[in-house]
Amino acid sequence: MNSLPQVARPPAPSAISNALVFGWRAVLKFKHLPEQLFDLVMTPIMFTLLFTFVFGGALAGSPGAYLQYFIPGILVQTVVFNSVYSGMGLSTDLGKGLFDRFRSLPIWSLSPFAGLMVGDFLRHLIAGLIILTIGLILGFRPEAGILGVAGAFLLLLSIGFGVGWIFIVLGLLIRTPMTVMTLSFSFIFPLVFASNIMVNPETMPGWLRAFVAVNPISHMTTALRGLMSGGVTGREILLALAAPIVLTVVLAPLTIIIYRRR
Amino acid sequence: MNHGHSQNGAAPAIDARGLVKCFGELRAVDGIDLAVPRGMIFAILGPNGAGKTTLMRMLATLARPDGGSASVMGHDLVAEPQKVRSVIAMTGQFASLDEDLTGRENLVMLARLWGFRGRAARARADELLGAFELADAAAKQVKDYSGGMRRRLDIAASLIVTPGVLFLDEPTTGLDPVGRKSVWRMIRQLAGSGVTVLLTTQYMDEADQLAARIAVIDHGKKIAEGTSRELKVATGSGVLHVAVADPARLDEAAQLLEARLGTTVQRSAEGGALAIAAKTSHDATDALNKLLDAGIEVADFSMGSPSLDEVFFSLTGAGRK
C-alpha cells in the first residue's frame, strides 16, 4: 500500500440502484459459474425424457399425448425446485460473512434479497426456455400460441417469486446449505408428486385425490396447462396465484424481521 | 458525551457505556465501557470466546445490544444505525467477499453500493487494487486468492469510502509472518491518515505492536485497559536475565537469586543463562550485587519488561491455555 487519499462518500444511491447492483451480482454469478445452469436444467431434462418415454405410453396412451400433459407440469416443478437453490445460496452467503459486510453498509436493507430475486428470475427463465425448447423438439404443441406461452411464463415467474420466500426464510434460519436443501426437498417432493404434475389424479385413492385437489401445486399446474392450451379461466389463474400471494404477504415481512434480528 | 447529537464533531470515535449482549443464558458481553478517541488504533485483546467479536458486531450495528448504549462518531447505535453505517466499515473474521467474483468485481460492486456510478466505481476499484498491490490479481476469482491477498482485498473493500471508524476482527489470524507484517503496515498507514481503527486480536504482540491503547476482555467483561506500558507496569514485574561466566557456579547463582528475589529461576535450554522475575529494577540490581559479593562473575545481564503474554496471563489467571 503506497498512498491512500481520503475519499468522501458520493451522494447516497437510491434503493432501486442498490437492488440493481445485487441483480448485477446475480448475473455475474452466471458468468463465473456456468455449471450451475447445468445443475439447473439437467434434472428437468431427465424427468422430461424419462417420464415421456418410459411412462408416457402407459400413462396417456402415447409419449406424444403425455408430453402435451407433462410439459406445463415439469415447468412448475422446475421453478419450485430451482427456488431451493437460492435458499442454499443465501445460507452460503450468510455463512461466509459476506452479508455482514452488506449489513454494515448504509444501503436499503432489503436490497440483497431483491438481487436474489433477480437471480431467481433469470434461473427460472433460462431453465423454462430450455425445457420448452426440448418439449417443442419432441413434439409438444402449445395450442394457445405465443401469447399463451408468454402468459404461462409470467405465471411461472410469479409462482417462483412467491415460492422463493419459503427458501429465503429457510436460508436465513438454517446455517448449513446442505440442510436447507435436504429439508426443502423433504416437503417439496411429496407436494410435487402428490399433485397433477405427472399423472391425472383419477386413479389415486380418494384421500389422496382430496389432497391433490387442494394442493397449491395442482392449481398452479392446472392454470399453466390452461394458459398453454387455451381455455384457461380467470378462477384457475386466481387459484394458481393464491399461494404465491399468501406466501409473499406472510413471508416477506417475516424475512425482514428475521434478517434484522440476526 | 453527546449521544443524542448526530453532528457532533468533537464526539469521540466510539463511546460505549455498559454494553450487554446475551445469547440465552450466556452474557457474551457483560457491561463493557469503551471510549476510543478519534484517529487512534485501539485493540481489544482476549482469548477465544471472550466476547470480542460480539462487542465489535454490536458497534458495527450487526447485533442489537441487550443493554447499555453506545455512539460511533457521535451517532447513536440503536437510534441511528444507518448514520453509523455511513461512517464505519467492517472487515469480519471470515472473508466478507464474494468468492465467485473477481477481486475487481467485488470492489466495483461495493463502490456501486456506496453510490459511485459506472466509470467512477470502476476507477475507485482500480485505485484500491493498485494501492493494495492486487492489480495483477484483479481479474482472478477471489477463491483463487492466497490468504494474504484475501485479507488485503477484504481491507481494501472496507476503504471504498474512507471510514471514520474501521473495525477489524482478528485482522491477521491465519496469515503467515510476511502477510501479518504487511497488514500491520497497512493498519498503521490508515491510522496515520486519520482513520480510527478498532481491532480485536488474541495475539499479544499484535496489540503491543499496533495499538495506542488496549482493552483486555475476558468472559464478556473488561478486566483491564491502558497503554501497553501501563498494562505491563500494572502487572508489576519484569524479568532479569543473567548469564554466568563459569557454568560450574550456575546452581550457586540460581540459589542466591532465588533467595534475594523470592521467585523461581528458569534455566535456558543451553544452560548458562538464568531468568527470574523481579518486582523492581532496584531488586534486580541488588540481586546482581549478591552474585558479585559471592565472587560469581556475570558475563551478561539484562532487565526486560514483561511481555504482554505474561501480562495477559497474570490478569486472566494462569491455567488457561
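How many bridges join β12(B) to strand β13 of chain B, and do these strands run parallel or antiparallel?

1. The model is predicted. In answer to the question above, β12(B) and β13(B), the latter covering residues 273-278, run antiparallel and are joined by two bridges. Within this pairing, R267(B) has L274(B) in β13(B) as its bridge partner.

2. These strands belong to an open sheet of four strands in chain B, ordered β12-β13-β11-β14, in which the pairing is antiparallel. β12 (266-267) and β14 (298-304) of chain B each have a single partner strand and stand at the edges, so one side of each is left without a neighbour in the sheet.

3. Two helices of chain B are to be noted against this four-stranded sheet. Helix α9 (residues 250-261) of chain B packs on the sheet through contacts with β11 (238-244) and β13 of chain B. The direction of α9(B) makes about 5° with that of β13(B). Helix α10 (residues 281-293) of chain B also packs on the sheet, where it touches β11, β13 and β14 of chain B. For α10(B), the direction makes about 170° with that of β14(B).

4. Chain B also holds an open sheet of six strands with mixed pairing, in the order β6-β7-β8-β3-β9-β10. Its edge strands, each pairing on one side only, are β6 (88-91) and β10 (221-226) of chain B. On average, and with direction ignored, neighbouring strands of this sheet are turned by 15° against each other.

5. I44(B) is placed opposite A215(B) of β9(B). Helix α6 (residues 177-192) of chain B packs on this sheet and touches β3, β7 (165-169) and β8 (196-201) of chain B. The direction of α6(B) makes about 150° with that of β8(B).

6. Turning to the chain contact, 28 residues of chain A are in contact with 33 residues of chain B. On the side of chain A that touches chain B, the elements giving two or more residues are α1 (15-32) and α4 (98-103) of chain A. The largest share of that side, six residues, comes from α1(A). By residue type, the side of chain A that touches chain B divides into 15 nonpolar, six polar and seven charged residues.

Terms used: Residues numbered from 1 in each chain as written. Chains lettered and ligands numbered in written order. Predicted model: local features only at pLDDT ≥ 70, side-chain atom pairs only at ≥ 80, totals over all residues. Pairing = 2+ DSSP bridges. Axes fitted to C-alpha atoms, helices over the stretch in contact; angles between N-to-C directions. Contact = placed C-beta atoms within 7 Å. Nonpolar A, V, L, I, M, F, W, Y, C, P; charged D, E, K, R; others polar.
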